[in-house]
Amino acid sequence: MQGIIVKGIGGFYYVKVANEIYECKARGKFRHNELSPLVGDNVVIELDRDNKGFIKEICTRTSMLIRPSIANVTQAFIVFAVRNPDFNMDLLNKFLVLCEINKLKVVICFNKIDLADKHEIETTVLLVKSIGYEIIYLNAKLGQGIDNIKNHLKENITVFCGPSGVGKSTILNSVVGHLAMETGDISEKLKRGKHTTRHCELLEIEGGYVADSPGFSSLDIGFIKKEELQRCFPEFEDYYDSCKFSTCMHYKEPGCAVKEAVEAGKINENRYKFYLKTLEEILNRREWK
Ligand SMILES: Nc1nc2c(ncn2[C@@H]2O[C@H](COP(=O)(O)OP(=O)(O)O)[C@@H](O)[C@H]2O)c(=O)[nH]1
Ligand SMILES: [Mg+2]
Ligand SMILES: [Zn+2]
């Protein structure tokens, strides 16, 4: 039987096959490929005589997020608030790079539209649309925009990303219709003193799965290889084949088509500046290794 791991706790994996959930243990250690099963993995399981399940095989992963560890995520909702906390373009850029490097479909969600006018984020909206990303506006407190979120879930494994306090948990709770995630008000009180081990779980909804913990706990993008970074900027794609040097980093090289596109106003200057800043961080880090 083949199914998907929706939860893992204490050495047990909960594998969903059709409409049943089987409690399984991993058999052996999958030594040949040094894998251990992750939530999101498609696995082949076998039941023994007592109906106990064993994972026999882990199918090839299409993606793998770390902290939280989830396999086969296909989509990220990057959530920001229009205000409280204020929108931050640098943070959005970092999330976008992390999503692109993991080849996730991206939907950008602007929450708390009750707190500001849309025109306050107009420049950002235009930029985001020009890169090609889709936008959903929400007032999660009133449930506005939630249907739009639900329409994107089918056949995806989705994670919510974004800074703290923007409304990720509120959105997820509205989507699943119950309290799957603690919202700001509650978790602030529990934070102090309480040692919680987070287990990531996939919740099945609208023909897809949503992870109940935020997609990226660290926004460190310095691990990305310098050659890979440009692939995280979809709007560069039309240009980099026209650079004079095939190895062009769009940095200080002559005849750089990306730089020319920036100068011609075809690529947003701030996005390019963010690219340069990140590239320099990557280059500096490597020198010391
Ligand atoms: N005004 C307003 N507040 C919201 C909205 N959505 C969430 N909040 C509040 O923002 C705070 C943080 O929300 P939470 O879901 O915990 O954010 P998270 O840290 O991203 O998970 C909570 O007090 C929510 O009630 C919204 O659309 N409008
Ligand atoms: Mg939260
Ligand atoms: Zn170039």
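Hi everyone, let's start with two buried residues: Cys248 and His250, where buried means under 20% relative accessible area, exposed over 50% and partly exposed in between, with a 1.4 Å probe and protein chains only. This is a predicted model, in which local features need pLDDT of at least 70 and side-chain atom pairs count only at pLDDT 80 or more, while totals for chains, interfaces and linings use all residues. Residues are numbered from 1 along each chain as its sequence is written, chains are lettered from A and ligands numbered from 1 in the order in which they are written, and side-chain values use heavy atoms, with hydrogens and water left out.

So what holds the zinc ion (ligand 3)? Its protein donors are Cys243 (SG), Cys248 (SG), His250 (ND1) and Cys256 (SG), 2.0 to 2.4 Å away. Donors here are N, O and S atoms within 2.8 Å of the metal (3.2 Å for Na, K and Ca); water is not among the atoms, so sites may look incomplete. Along the chain, the donors of this zinc ion are spaced C-x4-C-x1-H-x5-C. The site is tetrahedral, with angles of 103 to 115° among the four donor atoms; for four donors, that label asks for all angles between 85 and 135 degrees.

On to other cysteines. The structure has zero disulfides, a disulfide being a pair of cysteine sulfur atoms within 2.5 Å. Cys24 counts as buried because its relative accessibility is 0%, and Cys200 counts as buried because its value is 11%.

Now for some backbone details. Arg67 and Pro68 are joined by a cis peptide bond, with omega about 0°. Pro68 sits in the loop between β6 and β7 (70-71); helices (H or I, at least four residues) and strands (E, at least two) are DSSP runs, numbered from the N terminus. Another cis bond runs from Asn84 to Pro85, with omega near -5°, and Pro85 is in the loop between β8 (75-81) and α1.

Two residues other than glycine have a positive phi near 55°: Lys103 and Glu206. Which loop holds Lys103? Lys103 is in the one between α1 and β9 (105-111), and it counts as exposed because its relative accessible area is 70%. Glu206 belongs to the loop between β12 (202-205) and β13 (208-211), and it counts as partly exposed because its relative accessibility is 43%.

Technical notes. Four donors count as tetrahedral if all angles lie between 85 and 135 degrees; four count as square planar and six as octahedral if opposite donors are over 155 degrees apart and all others between 65 and 115; anything else is irregular.
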